[in-house]
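Here are some short notes to read beside the model. Keep the structure open and find each residue as it comes up.

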Amino acid sequence: NKAKYIEVGYLPQEGIKASGRTLFTETQSAFENTVAIQEKIEAVSTQLGELDTASPEYADTLEVYGELQLHLDKQEVDKMKPRIEKILVGLGFKHSDMDRDVGEFSGGWQMRIALAKLLLREPSVLLLDEPTNHLDIDSQLWLENYIQNYGGAVILISHDRAFLDSIVKKTLAFEAGQVNEFSGNYSHYLEQSKILREQLQRAYDNQQREITKTEQFVNRFRAKARRASQAQSRLKQLDKMERI
């Protein structure tokens with residue numbers, strides 16, 4: 001469950017394909033809400049030009065126009081174009097690519113387009129599945145810097161250790177039916193995980209010695225009346241023991 005104001009954005013590993021629009025227009029679709037507001041403003045502006053300025057309808061329509069304009073101002077439309085170009089260039093596109101049909105780009109570049117749209121949306125929670133798979137080194141370094149300064153939460157899965165070490169602040173390890181949380185990047189997780197495994201091994205060895213000792217006691221005294229109750233008691237303790 002999540003709060004209504006939380007927006008989640010997801011980038012899969014592959015399978016995204018777009019065509020029929022220019023690179024810039026396709027990327028601009030990340031601002032669909034803003035574009036829709038702009039279209040409404042144009043329609044209301046046309047309507048205002050057709051109404052009598054002294055009529056109640058004109059006053060009501062003018063109020064709607066003002067509210068729409070207020071919403072649009074919050075979107076910082078004047079920064080939309082430079083933001084789009086900045087992210088596309090950061091992900092490896094050239095300025096000469098802006099008017100190319102997105103259908104001309106290969107699968108790896110299609111994923112970059114999808115990533116650009118996702119970053120432009122700036123969701124509260126960003127879910128990235130192997131985001132560096134289709135990036136060259138320059139684009140990867142740009143993405144690392146972008147994520148380090150991202151205002152929301154970023155949850156990612158990656159096999160790229162250098163990438164993880166540069167940006168990850170918390171690691172979740174799914175092991176033996178449990179989820180363990182480690183503060184720090186991937187290398188820190190490996191170090192801490194090794195320490196925990198060594199501790200667990202020592203605890204296991206100690207428990208095995210205790211089990212063997214208890215079993216020997218039970219086998220030795222369970223048939224002797226004087227010590228049978230003690231043997232049964234230890235047998236019950238053995239059954240209740242949480243095995244490592």
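Predicted model: local features only at pLDDT ≥ 70, side-chain atom pairs only at ≥ 80, totals over all residues.

1. Start with the largest pocket. Its volume is about 680 Å³.

2. The largest pocket is lined by 19 residues. Those nearest its centre are Val154, Ile155, Leu156, Val168 and Lys170. By class, the lining has 13 nonpolar, 4 polar and 2 charged residues.

3. Which helices and strands supply at least two residues each to that lining? The helices are H6 (137-148), H7 (161-167) and H8. The strands are E3 (153-157) and E4 (170-175).

4. Now the aromatic rings. A pair of rings is described by the distance of the centres and the angle of the planes. The structure holds 7 aromatic pairs. Take Tyr146 and Tyr150: their ring centres are 6.1 Å apart. Their planes meet at 40 degrees, so the pair is tilted.

5. Phe217 and Phe221 form another tilted pair. Here the distance is 4.8 Å centre to centre, with 50 degrees between the planes. Both residues lie in helix H8, which covers residues 186-221. They are 4 residues apart, about one turn of the helix. Is this pair buried or exposed? Phe217 is buried, and Phe221 is buried as well.

6. Arg234 lies over the face of the Phe217 ring, at 3.8 Å from the ring centre. A second case involves Trp109: the charged end of Arg112 sits over its ring, 4.0 Å from the centre. Trp109 also belongs to an aromatic cluster with Phe93 and Phe105.

7. Check Gln110 next. This residue lies in helix H5 (residues 107-121). Why does Gln110 count as buried? Its relative accessibility is 2%, and buried means under 20%. What does Gln110 touch, leaving out residues up to four places away in sequence? The list is Ile16, Lys17, Ala18, Val102, Gly103 and Phe105. Phe105 is also part of the aromatic cluster in point 6.

8. Compare that with Lys81, in helix H4 (residues 80-90). Lys81 has a relative accessible area of 46%, so it is partly exposed. Now look along the chain. Lys81 and Gln28 are 53 residues apart in sequence, yet their C-alpha atoms are separated by 8.2 Å.

9. Last, two backbone angles. Most residues other than glycine have a negative phi. Glu122 has a positive phi of about 50 degrees, although it is not a glycine. Glu130 also has a positive phi of about 50 degrees, and it is not a glycine either.

10. Where do these two residues lie? Glu122 is in the loop between H5 and strand E2 (125-129). Glu130 is in the loop between E2 and H6. Their accessibility classes are worth noting. Glu122 is partly exposed, because its relative accessible area is 46%. Glu130 counts as buried, because its relative accessibility is 13%.

Definitions and conventions:
Residues numbered from 1 in each chain as written. Heavy atoms only, no water. Phe/Tyr/Trp six-rings, centres within 6.5 Å; stacked < 30°, edge-to-face > 60°. Buried < 20%, exposed > 50% of the residue type's maximum accessible area, 1.4 Å probe, protein only. Lys NZ or Arg CZ within 6 Å of the ring centre and 35° of its normal. 1 Å grid on protein atoms, 1.4 Å probe; cavity = no way out; pocket = protein on both sides within 12 Å on 5 of 7 lines; lining within 4 Å. Points joined across faces, edges and corners; volume = space filled by probe spheres on them. Nonpolar A, V, L, I, M, F, W, Y, C, P; charged D, E, K, R; others polar. Contact = heavy atoms within 4.5 Å.
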